[in-house]
Amino acid sequence: MSKENIKISDIADFESVDVVEILVKVGDEISIDQPLITVESEKAMMDYPSPSAGIVDKVLVKEGNKISEGDTIIVLDMQENADQQEVIQQDEQSNSQAISEPIKEVKQQTDIAPSKPQKISNSENAYASPGTQKYARELGVKLNEVPGSGRNQRIVVEDVQQHVRQRLERGARTHTTATRPLDFSKYGRSEAKDLNKIQKLTAENMLHAWNSIPHVTHFDQADVTQLEVHRKNLAKELNAKQIKLTPLAFVVKALVISLKQFPQFNSSLDEAAEKIIYKGFFHIGIAVDTEHGLFVPVLRDVDKKSLEHVAKELIDLSELARQRKLTPSHMGGASMTISSLGNLGGQAFTPIINPPEVAILGLSKMISNENIHGENVKQQKLLPLSLSYDHRVINGADAARFCTYLKSVLEDIWKLIL
Ligand code: CAO
C-alpha cells in the first residue's frame, strides 16, 4: 500500500490560514472531495476537500495550527503501487518544521494550542523550570496550553505572561457581556446547546468587526420596475440553460459599475501604515446562508463577466457553500460584499462590514408600490438597499452619492447592460 501526502495548495493570496476543525481521524476511509479540515482566513471559513480517496494514516495538523501553501496536512494510505515512502518521510520532516514556524506567530496572536503540546503535557518538569511551574500555578495557567519559546520548546516565564495576556485580550473581544453562565431555571424549561466551531468564529468575527469599525447604514430604495420586466424576459431564456436569473445578478453588475465611479468604496484602510489602499480589481463577496453557518465566497473580476456568467457563478458558488466544498481560492480579497435577504422578508437591516472591506450592501425584499400621477396609477417594484460603510473612510455625503448612483444604474437598464 503506498502513501500520499495531502498538501495545502491554492490558498489564494493568504500567507497562511488557521485550522479550526479536523474533520477526519486516523483509520477513516475517505473519498475524493470529502472535507478533511476546516480552515479560516480573515472572516471566511471553508472546508479543505481531499483530492484523493484512501485511508487516513496520519493527521499532521491540529486545531489552532497556522498552515501555509505546501504544508502536508494528512497522509493517506492508497491502494496503489508504492515507492514514494522516502519522499513522504522527507515531507513529514519538512512539514513539521513548516508548521511549527507559523505557530510562533500563533503564540503572538491567539491563545490556541501549540503544534507540539503532547511533549509538554507528558512531562511538565522537562519543559518548564520549577519557578515557571510555580508562577503558572499561581496564575491558574495550565502549562500544556502554553507554547514554549525557549530551547526545545521549553516554557519560560514570558511565555506564561504572553499566554495570560492573550487570554485576556481574547476574552475582551469575545465575552464582553458573559460574566457568568446563564440560568433560566426559575422562569421555566430551557435547553443549552454547544456552539459549533463555525458559530463561535462567526460570533467572534462579527463582534470584532462591529467593535473596530464605526458603522453607519444608509437606507434607500431603487425603482426596479423596468429591470424586473427585463429580468423576467431574460430569465425564460436562461431557464433553458438551467440558469436561474435573480435580481441579485443585476445588483452585482450595478455595484461594480458604481465602484468604478466611487473608488473609495473599493478600498481598504491599512491602519498600521496609515494608508488607504485603492483596489484595481472588482471582486464581489456574496453572503451565503447555509445550515452550517454563513460563508462569503467571492465572484472574481465581475467587470469582465456577462450577466449570464455572473448568474451562473452565483448559483455555483452558493451550491459549493451549501455542500461545504468551497476552497480557499473561492474566498477573500473582495472589493465589497452583498448580503441579500432576497424574498425572505424585512424592509431594511444593518449589515456588518466584512473587514478589510469598507462597505457592505444589504438587499431586502422588493416592495410593490402604487405610484399615483394625476389620474394615472403606475405599479412600481422597489428594491430596498441598506448600505453600511466605515465612517473612517467614507463620509455620509459620499454614501448618499454612491447610493444615488447605484440606484440610477439599477433604474436604467441601458446603463446596466451596455
Ligand atoms: N425581493 C424579492 N424576491 C427576491 C429578491 C428580492 N430582493 N431577491 C431574490 N428574490 C427571489 C428570487 O428571484 C427567487 O425567486 P424564484 O424562486 O421565484 O425564482 C427567490 O427569491 C430565491 O432566490 P435565491 O435566494 O435562491 O437566490 P438569490 O440569487 O436571490 O440569492 C443567495 C442567493 C446565496 C445570496 C441566497 O440564497 C442567500 O443565501 N441569502 C442569505 C444571505 C444572508 O444570510 N445574509 C445575511 C448575512 S448576515 O447574517
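**A strand pairing, a helix contact and a loop glycine**

Strand β1 (residues 2–7) is joined to strand β8 by six bridges, and the two run antiparallel. Two strands are taken to pair if DSSP finds at least two bridges between them. Within this pairing, E4 stands opposite L76 of β8. The model is predicted, so that local features need pLDDT of at least 70 and side-chain atom pairs count only at pLDDT 80 or more, while totals for chains, interfaces and linings use all residues. Residues are numbered from 1 along each chain as its sequence is written, and side-chain values use heavy atoms, with hydrogens and water left out.

Strand β8 (residues 72–78) is mostly covered, with seven of its seven residues buried; buried denotes under 20% relative accessible area, exposed over 50%, and partly exposed the range in between (1.4 Å probe, protein chains only). Strand β6 (residues 54–59) also pairs with β8, in the antiparallel sense and over four bridges. Here I55 has D77 of β8 as its bridge partner. In a regular strand, side chains alternate between the two faces of the sheet.

For the protein, the secondary structure comes to eleven helices and 19 strands. These elements are DSSP runs numbered from the N terminus: helices are H or I, at least four residues, and strands are E, at least two. Of the 418 residues, 44% are buried. Contact means heavy atoms within 4.5 Å. Among contacts between residues at least 6 apart in sequence, 66% join residues at least 24 apart.

From α8, the contact is made by F250, V251, A254, L255, I257, S258, L259 and Q261, and from α10 by F402, Y405, L406, V409 and L410. These residues divide into eleven nonpolar, two polar and no charged.

Finally, G280 lies in the loop between β11 (275–278) and β12 (284–286). With 68% relative accessibility, G280 counts as exposed. Its C-alpha atom is separated by 8.2 Å from that of N266, 14 residues apart along the chain.

Note on methods
Nonpolar A, V, L, I, M, F, W, Y, C, P; charged D, E, K, R; others polar.
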